[in-house]
Amino acid sequence: MTYFPEEVVEHIVDFLGSHRDRNAMSTVCTAWYQVERLSRRNVFVGNCYAIRPERVMARFPWMKSLSVKGKPHFADFNLVPYDWGGFAQPWIEAAARGCPGLEELRLKRMVVTDDDLELLARSFPNFKSLVLVSCEGFSTDGLAAIATYCRGLRELDLQENEVEDHGHQWLSCFPDSCTSLISLNFACLKGEVNANALERLVARCPDLRSLKLNRAISVESLNRILTRAPHLVDLGTGSMMLNHHTEAYHRLINTFLKCKSLRSLSGFCDASSCCLQAVYPVCMNLTALNLSYAPAIQGDDLIKLICLSVASACKDLQELRVFPSDIYGAGTAAVTEEGLVAISSGCPKLNSLLYFCYQMTNTALVTVAKNCPHFTRFRLCILDPGKPDPVTNQPLDEGFGAIVRSCKNLRRLSLSGLLTDKVFLYIGMHAEHLEMLSIAFAGDSDKGMVYVLNGCKNLRKLEIRDCPFGDDALLKDVTKYETMRSLWMSSCDVTLGGCRALAAKMPSLNVEIINESDEANEFQENFGDLHKVEKLYVYRTVGGGRTDAPDFVWIL
Amino acid sequence: MEDLDNLKATELTLGLPGIDAPEKPSPASATGSNKRSNEECCLPAAKKQVVGWPPVRSYRMNSIRVRKMEAEDSTGIYVKVGMDGAPYLRKVDLRVYKDYKELMEALNDMFKCFSLGGAEGHEESGYAITYEDKDGDWMLVGDVPWEMFISSCKRMRIMKGSEARGLSSST
């Protein structure tokens, strides 16, 4: 194999897209490692603390696209304190020094400051695409820097970030010479936006395909924008608040009639039911429809819209997300197992589901498993923690067991409801390809967690909250964690002693204790081994311990 | 416990104020925390707010809460209106009218086919317009400010004859 001339290997490597394949290839021999590292263009770092940024830049000097993830997933639900970490700064600084040819940056759950954005904007002459997902720490000033200095910017995609509003001038910072935008998403911005500047920007960017507006954009402005850009493929409407007796409404219908390329719709922030009728002309062609930010749309109108969009394509439906409208209680409009069973019988191609509901039964889950064997992502959240099957009063072990047995390609699973150790036995036995498992308020004993750790060979992320798993489970097979990206355990039964033991045995892991109580200011040594750990985050790393951890994070 | 309360007062949280998060949630227990928001009082006894549950992103949770509250403010308030002697009731959307005068005109219009006399003033024709409030009491329409009326009115009834005479106001 080593007789292969480098040019041939280089040529072969070009065909390798996936990170996994490339990672595997680079372990064959030094020659292949070298060829691979110099040819890798897309670099993905799943945990920003798993490796030091400088090492990444040194290994992949010709990188064009970098993707980094910061905080653990449960940070989405306020379980990780605000200043835990996940700073973008070291990454942007290292890239500015080591990879000035960088063209794309994607950050998820990280802290990004305006200074970071300014450095980014000034450091990469070929920069084309910035995607920030669930980040925080920056304001519209940072966006202004991006708009001003990134010549040739093609994509600015801000998804569900917390952005401080320092005014609307940022959009006007796109110079007149900027004509290259393909995708612009500022739906998460809370403040006003200069509508004139936006309309002019849209008018001079003929390649614009994806545009997601925020709530501040009026219907009149939306109309003008769509008139200028009828070739849009993906649209997030701004405020769709209008009375269907007005001129504006009729104009909007006509405008939508001309948008023949629209395949994806979202937004509808303030839309009342009558506004929806304006989009009926495009419904038949939709491949994606997101109404999750439109709580005002009620029953019949919702059904009509869905029927128009989905009815004929129902059998092709692949992904569905049903969010709770009423966090606090059921009411008469509670979503139950009936809805899920109905969907499963009509949509056999369903492969990705997120379903919040008031209750679920084993029978329903067994039916769903039979109807939809192609699930790769299955996330079920019964709103009341630990709720049993209401018909039989039994745990939901058998239901979820049916899911993991039937869905052989399941990669992601979230459990809820009343569950015993048995469900974990089933998961360990059958969920061969499971990569991510989220558990809450489930299990009886350490055995549950051990079944999962022993059985799921491809497990990468395990996140657990409020389960009776303790040190025995944690320490049963410590080498397992080296094969995983991370483990999160909060409000479980692990003790400081158990965590210390884990840290001692596995120097390749960072064992972080997040301690938010008053005691956090005291030294760790004052705590005995029996002290229960509130939040534990364990991850493999070649970067050593963190240097940026706040006081309340102890790294053992 | 005192320290815990003080800590909570300064704790950063993205939830709405008044929503409490006990440190160690136990879903099966029926005990609740001492501090409860108005919304929580309406819950069945066993429910309590748990940190980070349901697992909905704060971003989404906040925007849905805010918008749902706004949406509820702007949807119609439909109340039944019955008239003594009329074979069927009607329904009106109180949001459509901006004051009592508009409401009266609309009701006159709706029920004129049933009235015996003209619709000049309800005293002369012997009718009084009443409404049932949130406490279940029957009140005369017109006493309280319009906004207060529409937020407390559950249903209306147009009374006639002897009952009406006693209630007629001297507007």
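**Contacts and domains**

Tutor: Asn47(A) is in contact (heavy atoms within 4.5 Å) with Lys69(A), Gly70(A), Arg485(A), Tyr537(A), Tyr539(A) and Arg540(A), leaving aside its neighbours within four places in sequence. This is a predicted model, in which local features need pLDDT of at least 70 and side-chain atom pairs count only at pLDDT 80 or more, while totals for chains, interfaces and linings use all residues. Residues are numbered from 1 along each chain as its sequence is written, chains are lettered from A and ligands numbered from 1 in the order in which they are written, and side-chain values use heavy atoms, with hydrogens and water left out.

Student: Is Asn47(A) buried or exposed?

Tutor: Asn47(A) is buried, at a relative accessible area of 3%, where buried means under 20%, exposed over 50% and partly exposed in between, with a 1.4 Å probe and protein chains only.

Student: And where does Asn47(A) lie?

Tutor: Asn47(A) lies in the loop between strand E1 (42–45) and helix H4 (53–59) of chain A; helices (H or I, at least four residues) and strands (E, at least two) are DSSP runs, numbered from the N terminus.

Student: Switching topic, what does UniProt place at residues 3–42 of chain A?

Tutor: An unreviewed UniProt entry puts "domain: COI1 F-box" there, and residues 3–42 of chain A are 62% helix and 2% strand.

Student: Which residues are listed for "domain: Transport inhibitor response"?

Tutor: UniProt, again in an unreviewed entry, lists residues 63–107 of chain A, a span that is 22% helix and 20% strand, with its end C-alpha atoms 16 Å apart. UniProt annotations may be inferred rather than shown by experiment; feature names are shortened and positions follow the numbering used here.
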